[in-house]
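Biologist: Before we talk about individual side chains, could you bring up the sequence and the model together? I would like to go through the charged and aromatic contacts one at a time.

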Amino acid sequence: MASSIRIKNISELPIISGSRNDTRKKISCITIGHREAEEQFSSDIHLDAFIILLVLSGKGHTVINYKTYDIQADTLLLLSSAHLFHFYECSDDFQCQCLFVSKAFTDEMDSTDMIYRRTKYGVRLYNQPVVPLAHPYAVLLAERLASINKNIDRTEHFYHKEVILNRLFAFYLDLSDILERTNLPHTDGCLTRYESIIKSFIELLATHYREEH
């Protein structure tokens, strides 16, 4: 019998729902260990969010859209609301930085360039969402994620949202630079006709978004 699929907003995750900071219910950046991975992500879950998972230490397995991947330190997972995922058999020293950006937060974004950074690789990585990184790249992204996390809690800042967006934009810029320098798999031959159409549309959007709205 197939396991049930849970569809959630990030605000429903136990690791987020108890926060007194309402911003964290729209965008959250946290570090989880093997216990949280097993307790909260051990069966298929669908989050209405853009998700970055950066493995800091340890190893384990993840299933994304029913395909299994081995993961270890310096592995990056790029997931969207179109992905189902769960973890299993994570080692005791497993640690993972998690960035959850909800649709509610992305709807508030007014930077077209940021949307471009988020979507440029979306379809290309849809069927291959797991990217092994060189260690210096992983360290850089970990620092960017830590900065996002720190600024989410700076609720007293007069420009709280703008500061978060600034740190998020810096993260996407570094991520895009790293992906440009990384040999990503080419999966065009594995895409369905629907996926190919979406891929072509996003490529056109990425090329012409500055001139055509």
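**Salt bridges, a histidine and a ring cluster**

Modeller: D177 forms a salt bridge with R181, the closest N and O atoms being 3.0 Å apart, where a salt bridge is a side-chain nitrogen of Lys or Arg within 4 Å of a carboxyl oxygen of Asp or Glu. This is a predicted model, in which local features need pLDDT of at least 70 and side-chain atom pairs count only at pLDDT 80 or more, while totals for chains, interfaces and linings use all residues. Residues are numbered from 1 along each chain as its sequence is written, and side-chain values use heavy atoms, with hydrogens and water left out.

Biologist: In which helix do D177 and R181 lie?

Modeller: Helices are DSSP runs of H or I with at least four residues, and strands are runs of E with at least two, numbered from the N terminus. D177 and R181 are four residues apart, about one turn of the helix, and both lie in α6.

Biologist: Is R24, which meets D153 in a salt bridge, buried or exposed?

Modeller: The side chains of R24 and D153 come to 3.0 Å, N to O. R24 lies in the loop between α1 (14-17) and β2 (27-33) and D153 in the loop between α5 (135-152) and α6 (160-181), so the pair ties together parts that are 129 residues apart in sequence. Buried means under 20% relative accessible area, exposed over 50% and partly exposed in between, with a 1.4 Å probe and protein chains only. D153, at 43%, is partly exposed, whereas R24, at 9%, is buried.

Biologist: How many residues apart are D174 and R144?

Modeller: Their side chains meet in a salt bridge of 2.5 Å, N to O. D174 is buried at 15% relative accessible area, and R144 is partly exposed at 32%. The pair links distant parts of the chain, with D174 in helix α6 and R144 in helix α5, and the separation is 30 residues.

Biologist: Which residue's side chain is joined to that of H86 by a polar contact of 2.9 Å?

Modeller: H86 is found in strand β8 (residues 85-88) and is buried, with a relative accessible area of 14%. A polar contact is a pair of N or O atoms within 3.5 Å; within protein, one must be able to donate a hydrogen and the other to accept it, and residues adjacent in sequence count only if both atoms are side-chain atoms. The partner of H86 in this contact is D44.

Biologist: Which residues form one aromatic cluster?

Modeller: Rings of Phe, Tyr and Trp (its six-membered ring) pair if their centres lie within 6.5 Å, and the structure holds seven such aromatic pairs. The cluster is formed by F41, F85, F87, F94 and F100.

Technical notes:
Phe/Tyr/Trp six-rings, centres within 6.5 Å; stacked < 30°, edge-to-face > 60°.
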